[in-house]
Amino acid sequence: MLGKTTGLLSALASITLVAPAAASPEHLPPAIKYGARDCSFCHVSPSGGEGHNERGLWLVAERERREAEVIDVEWLAARDTLLEAPEQEERPASAKAVETLPELEPVAAESERVFDFTTDHGDWPAYGGNLEGHKYAPHAEIGPDNLDKLAVAWVWEAFDNHRYVGGADRRKTPDGLRVTPLMAAGKLLVRTAFSAVAALDPITGETLWTFDPGTGDGPRPTNFGFATRGLAYHQNAEDGGRILLVSSDGWLFALDPATGKPLTDFGEDGRVDLAAGLRRPIMRQRASWNYAPAVCGDVVVVGNQSSDMSHFSRRRDASGGYWQDNVPLGDVRAFDVKTGQELWVFKTVPQPDEFGNDTWENESWRWMGNTNVWTQMSCDPGAGLVYLPVSAPTSHFYGALRPGDNLFGTSLVAVDVRTGKRRWHFQTVRHDIWDYDLPAAPVVADLVQDGKPVKAVAQVSKVGFLYVFDRLTGAPLWPIEDRPVPASDLDGERAAKTQPFPTWPPPFELQGAGEDDLIDLSPELRERAKEKLSRHRLGDLFLPASTEGSLVVPGWGGGANWGGAAFDPETRMLYVASRRMPLLLTAQEIDAERFGFGYRVRPSSVRIGELPVVKPPWSSITAYRLDSGEIAWQVANGEGPKGNPLLQGLDLPDLGVPTNAPGLLVTKTAIFHGHRRGWEQPSTLRALDKATGNFLWEHPVQGTHSVSPPMTYIAAGKQFIVLATGTGMEPGRLTAFRLP
């Protein structure tokens with residue numbers, strides 16, 4: 001039996017048999033009366049989709065006991081107490097000053113400042129600050145000496161919050177607002193959870209214009225539903241600039257930054273249909289598009305977030321065909337940034353006569369899907385290379401239908417941005433049966449080794465490794481060894497015999513778990529952990545799923561996730577936030593004739609009194625000297641659950657907040673990130689010392705922070721820092737800070 005997690009999950013008003021751990025935020029409202037506030041009511045994390053906790057497993061078991069097709073949240077009445085509905089939060093105006101600060105006037109010189117896709121001149125023109133994914137700005141106005149004077153300048157509420165906050169149709173409850181805005185063309189540019197766009201005055205936060213593509217009027221997209229990460233921006237000497245929006249329902253728009261109107265010379269009336277044009281169509285109900293596209297030169301590169309649960313369809317789908325007939329493709333496409341014309345397609349599952357096709361045995365390449373790029377990409381503009389962090393193939397935890405290494409699944413691929421041809425690749429997990437996607441944009445970094453310049457690219461991972469390569473050739477900067485890993489004993493499964501292990505840099509997370517790695521904050525906790533896991537398998541990083549249940553650490557929701565890494569190009573320090581989320585991968589035999597395969601693998605959390613079953617820190621921030629690969633420091637990410645009743649009376653160091661791995665912003669003077677102490681407590685903007693990781697300062701923000709990295713820019717001669725907050729039941733907001 002699994003431990004009960006804190007928090008609150010998507011309440012499963014009707015989660016279907018086809019999605020055993022899918023995030024369904026539209027099901028959250030019916031569970032509010034039982035105490036739900038977010039998706040961790042039934043899942044491992046507040047966003048859902050990362051395995052079930054004890055309550056979620058109870059509901060799944062109840063569905064099977066009742067032989068029901070769907071779960072009814074009302075079943076919870078048999079075990080949970082009804083609560084009074086929480087009062088609705090008062091909604092503020094679209095933008096308002098929160099603290100009294102002197103008014104600022106625009107600086108004339110800013111209208112003429114240089115635009116070069118960097119943060120050097122005060123803009124933040126890409127999701128990661130620059131095209132290389134650094135999340136860095138060289139601004140020094142805000143620093144350790146004046147953090148105590150940093151104050152909230154304004155708070156902006158998303159103009160389309162009315163769609164779900166207090167609205168009539170609460171089935172469309174979105175994911176948390178996880179956007180990182182852009183600063184370009186003299187405006188702050190933000191994408192909302194419903195794929196709408198707003199331009200804000202960067203000084204006051206007032207809305208200048210809005211664009212709503214109508215995505216929020218349609219059905220809820222798959223996976224995380226109505227969700228957002230950000231936008232892209234392009235500008236050159238001949239082009240007055242354009243905003244690139246990829247809506248959740250699969251349209252690529254080019255917008256005029258002056259007005260927000262679609263540029264009609266792009267695609268058809270300003271948009272391109274991303275569901276069409278591939279070797280088989282993408283069904284919109286099986287894919288979503290939440291991340292900012294990548295701009296590299298005059299090319300915009302787009303991936304997608306295929307449904308992770310496509311393989312849990314019945315053997316025959318609603319149209320009468322086999323589910324394998326239209327598993328969603330993960331192919332990556334590039335378009336001319338000015339015209340919208342498709343330039344190339346990179347097939348992440350190689351077809352006949354293409355490199356890597358032989359790694360898909362039993363002709364599984366014919367129907368295979370997923371293997372997509374759902375996260376951010378990065379670019380080396382000088383070399384003309386775009387770097388694709390590719391995810392796991394279809395059927396993430398049981399690969400009997402796809403024997404072989406499965407290129408380019410869970411691989412970093414360098415692609416020529418002009419032609420779409422593979423320049424090099426490295427597969428970090430062969431035949432991935434753990435869902436160990438590469439979750440974030442790799443960092444393009446110029447290093448110095450033995451006194452010589454090195455052009456590098458550094459990829460953080462869910463498994464806790466930092467992979468570092470020569471970004472032009474793909475050669476590892478330090479040796480990577482193939483080592484034997486455990487075999488699978490599930491019928492039909494052929495796990496890879498070896499996996500690649502970097503010999504350097506050291507990993508930033510716990511990898512695998514034995515008895516010595518179990519929680520030991522007290523003798524009682526250690527004994528309870530041993531007892532809880534006595535019937536399950538413990539072992540290596542690449543321990544396959546089993547019918548007994550295999551404990552995997554960091555877990556596919558652990559390690560580094562989509563918040564990624566940040567890099568200071570002056571000191572050549574790389575910073576990464578991570579979390580350890582131990583999960584049990586338990587295989588259950590199912591009717592192969594009905595479903596097309598023999599096992600369903602059900603991920604689930606394993607905790608003791610709401611504490612993770614392994615040793616802390618449960619989330620960390622790690623700093624690497626990337627020239628040498630050494631870890632300079634590692635600190636726990638916050639105090640963590642010291643107030644838990646099982647920890648009363650213990651003198652403990654910081655434990656790290658479980659499930660929290662925030663995206664980082666690095667400036668010349670400090671590290672900034674959003675921080676939450678726990679889901680029952682307010683969130684803050686936090687600053688850390690770059691040299692030590694020591695805590696420097698924090699300030700409360702309205703709403704709940706959900707991982708998104710902050711950003712910074714210069715307006716009216718002042719440095720601003722902006723952070724997004726909001727969960728499915730809270731308004732989406734931006735909070736801007738500056739000095740008086």
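Me: How high is the relative accessibility of Asp 489, which counts as partly exposed?
Reply: Happy to start there! This is a predicted model in which local features need pLDDT of at least 70 and side-chain atom pairs count only at pLDDT 80 or more, while totals for chains, interfaces and linings use all residues. Residues are numbered from 1 along each chain as its sequence is written, and side-chain values use heavy atoms, leaving out hydrogens and water. Partly exposed lies between buried (under 20% relative accessible area) and exposed (over 50%), using a 1.4 Å probe and protein chains only, and Asp 489 falls in that class at 47%.

Me: Which side chain meets that of Asp 489 in a salt bridge?
Reply: A salt bridge here is a side-chain nitrogen of Lys or Arg within 4 Å of a carboxyl oxygen of Asp or Glu. For Asp 489 the N to O distance is 2.5 Å. The partner counts as partly exposed at 26% relative accessibility, and its name is Arg 537.

Me: How many residues apart in sequence are the parts that Asp 489 and Arg 537 tie together?
Reply: Helices (H or I, at least four residues) and strands (E, at least two) are DSSP runs numbered from the N terminus. Asp 489 sits in the loop between strands E25 (480-484) and E26 (498-502). Arg 537 is in the loop between helix H3 (523-532) and strand E27 (550-552), so the separation in sequence is 48 residues.

Me: Which residue forms a salt bridge with Asp 123?
Reply: The closest N and O atoms of this pair are 2.8 Å apart. Both partners lie in the loop between strand E1 (95-96) and strand E2 (136-137), so the pair ties together parts 10 residues apart in sequence. Asp 123 is buried at 6% relative accessible area; the partner, buried at 19%, is Arg 113.

Me: How many salt bridges does a search of the whole structure find?
Reply: Another of them joins Arg 483 and Glu 481, at 3.2 Å from N to O. Arg 483 is partly exposed at 33%, and Glu 481 is too, at 37%. For the whole structure, the count is 30.
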